[in-house]
Amino acid sequence: MAKKIDGYIKLQVPAGAANPSPPIGPALGQRGVNIMEFCKAFNAKTQEMEKGMPIPTTITVFSDKSFTFAIATPPASFYLKKAAKVAKGSSTPSQSIAGTVSLAQCREIAEAKFADLNANDLDQATKIIAGSARSMGLQVTE
């Protein structure tokens, strides 16, 4: 028989750097989940990734206090900031430009994020990433 789901917890956890401090500890502690068990499992699963990369994680908590978790690809903004070599996007995207990214870089990011994007083909996924870049104040060049 399937376990009864108690709830879901959505967090952005740095790859390979999960520890019991906030926000992970309090979020899991409220549900009665073993915090150290999650941290060890998460760090083991993300050890091959770049350290500190933000990983969107959905934790499914069951009524017997056990859990499973699913990780997604890092946010497009993380990849875009890395490609443009900027610390953050523009505070006024329509007025000032924070940096530039090429369409080829947008395509690479779209390939990496394709599974998590709502697109049927790579061209549409590239347009989604280019739109994200523009909304961050990055100029998209050919």
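**Entry 1: helix 1 and its cover**

I looked up what covers the buried residues of helix 1, and the cover includes strand 1, helix 2 and strand 2. Contact here means heavy atoms within 4.5 Å. The model is predicted, and local features need pLDDT of at least 70, side-chain atom pairs count only at pLDDT 80 or more, while totals for chains, interfaces and linings use all residues. Residues are numbered from 1 along each chain as its sequence is written, and side-chain values use heavy atoms, with hydrogens and water left out.

Which residues of helix 1 are buried? In this helix, residues 24-31, I noted Ile24, Gly25, Ala27 and Leu28 as buried. Buried means under 20% relative accessible area, exposed over 50%, and partly exposed in between (1.4 Å probe, protein chains only). Helices (H or I, at least four residues) and strands (E, at least two) are DSSP runs, numbered from the N terminus. An α-helix has 3.6 residues a turn, so residues three or four places apart point the same way. Just after helix 1, I found Gly32 with a positive phi of about 80°.

**Entry 2: salt bridges**

How many salt bridges does the structure hold? I recorded four. The term requires a side-chain nitrogen of Lys or Arg within 4 Å of a carboxyl oxygen of Asp or Glu.

**Entry 3: the loop between strand 2 and strand 3**

I examined Asp64, which forms a salt bridge with Lys3, their closest N and O atoms being 4.0 Å apart. Asp64 lies in the loop between strand 2 (54-62) and strand 3 (67-71), and Lys3 in the segment before strand 1 (5-14), so this pair ties together parts that are 61 residues apart in sequence. Asp64 is partly exposed at 47% relative accessibility, and Lys3 is partly exposed at 47%.

I then turned to Lys65, which forms a salt bridge with Asp6, with the closest N and O atoms 4.0 Å apart. Lys65 lies in the loop between strand 2 and strand 3 and Asp6 in strand 1, so the pair ties together parts 59 residues apart in sequence. I listed Lys65 as partly exposed at 39% relative accessibility and Asp6 as partly exposed at 37%.

**Entry 4: helix 3**

Lastly I looked up Lys82, whose side chain meets that of Glu50 in a salt bridge of 2.5 Å, N to O. Lys82 lies in helix 3 (residues 76-84) and Glu50 in the loop between helix 2 (35-45) and strand 2, so the pair ties together parts that are 32 residues apart in sequence. Lys82 is partly exposed at 45% relative accessibility, and Glu50 is partly exposed with a relative accessible area of 35%.
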